[in-house]
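Try each task yourself before you read its solution.

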Amino acid sequence: MSELNLSELSTNFVHVPVLSRELITGLSVVAGGHYLDATVGGGGHSLLILQAAADVHLTALDQDEVAIAVTQARLAEIEPSFVERVKFWRGNFAEYQPKGMEFDGIIADLGVNSYQLDTPTRGFSFRHSAPLDMRMNQQQSLSAADIINTWDEVELADIFFDYGEERLSRRIARKIVQQRPFETTTQLADVIASCYPPKSRYGRIHPATRVFQALRIAVNQELTALETFLSKAPQWLKLGCRIGVISFHSLEDRRVKQSFKSDSHLQVLTKKPIQPLADEIADNPRARSAKLRLAERITI
């Protein structure tokens, strides 16, 4: 990645960390501690952890090479010593192995980051005409186009319903199969919208939103990866240390809640999820659906 390209990416890859006050407070960052940011994104939460106490070390994970490159550059620019205190690992957090290391705290900020949403070529959004991609890890083969253009009608309907909670899943799947192949995000979004009655096509939420969420989850196997991560991460914590997970829709939040509650190593600290205050939502509307759950390791 050239220096020029990295400079351009750093300008555009702005990560406004959601629920940052609540997460850092809940994590109880200690001087000299070693923390795991399982979804580094643009490095917003990582930076706050590093700044929260003296001599903090961090292991930062992400499957997007752009996220890692931009975060490395940004942290080095803000504080050169951070370079020596942060270890980056590229890959899905479900595949990470700490090799006996224990952490003083673990965080995960789930879902797609703002850079991915705002970059048309990544194909996550229907606000721009772009190839149907949606791969967080651009080295994997399966894309949204593969799913839309090759999966059968029943498979499509199932993921739209299960991952998008789309009530018109069967109608939409049938229409897609009839009119494929699709090449762009806007082509697909228009066909999805046409499945809705005219008066329902122009509400606050675009009719394609739930299907696009479902596709993104299916492409990246997000829920399977989350379940794997949640089953392993508590064992990476030191006794008395905490894990915080920020989710953005009910499918994620439900799994976090159930996993924390059923894990014998953990004590749940948030019976109800922490949600953004009005001032944060005003400054960052994308934070409005965020939910934070915290738990503490209580047994070896």
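For the first exercise, Lys and Arg count as positive and Asp and Glu as negative, while His and the chain ends are left out. Keep in mind that this is a predicted model.

**Exercise 1.** Find how many positive and negative side chains the protein has, and how far apart the centres of the two sets lie.

*Solution.* Start with the counts: there are 34 positive and 36 negative side chains. Next, compare the centres of the two sets, which lie 8 Å apart.

**Exercise 2.** Work out what the radius of gyration says about the overall shape.

*Solution.* First, a compact globule of 300 residues would have a radius of gyration near 19 Å. Then look at the protein's own value, 20 Å, which agrees. Finally, check burial: 52% of the 300 residues are buried.

**Exercise 3.** Classify the ring pair F126 and F212, and say which parts of the chain the pair links.

*Solution.* Begin with the total, which is 5 aromatic pairs. In this pair the ring centres are 5.0 Å apart and the planes meet at 85°; planes over 60 degrees apart count as edge-to-face, so that is the label for F126 and F212. F212 is buried, at 4% relative accessible area.

**Exercise 4.** Is F229 in helix α12 buried or exposed, and which cluster does F229 belong to?

*Solution.* F229 is one of the buried residues of α12. W236 is buried too. Ring pairs then join F229 and W236 with W89, F93 and Y96 into a cluster.

Definitions and conventions
Residues numbered from 1 in each chain as written. Predicted model: local features only at pLDDT ≥ 70, side-chain atom pairs only at ≥ 80, totals over all residues. Heavy atoms only, no water. Buried < 20%, exposed > 50% of the residue type's maximum accessible area, 1.4 Å probe, protein only. Helix = DSSP H or I, 4+ residues; strand = E, 2+ residues; numbered from the N terminus. Rg over C-alpha atoms; globule rule 2.2 N^0.38 Å. Charge placed at Lys NZ, Arg CZ, Asp CG, Glu CD. Phe/Tyr/Trp six-rings, centres within 6.5 Å; stacked < 30°, edge-to-face > 60°.
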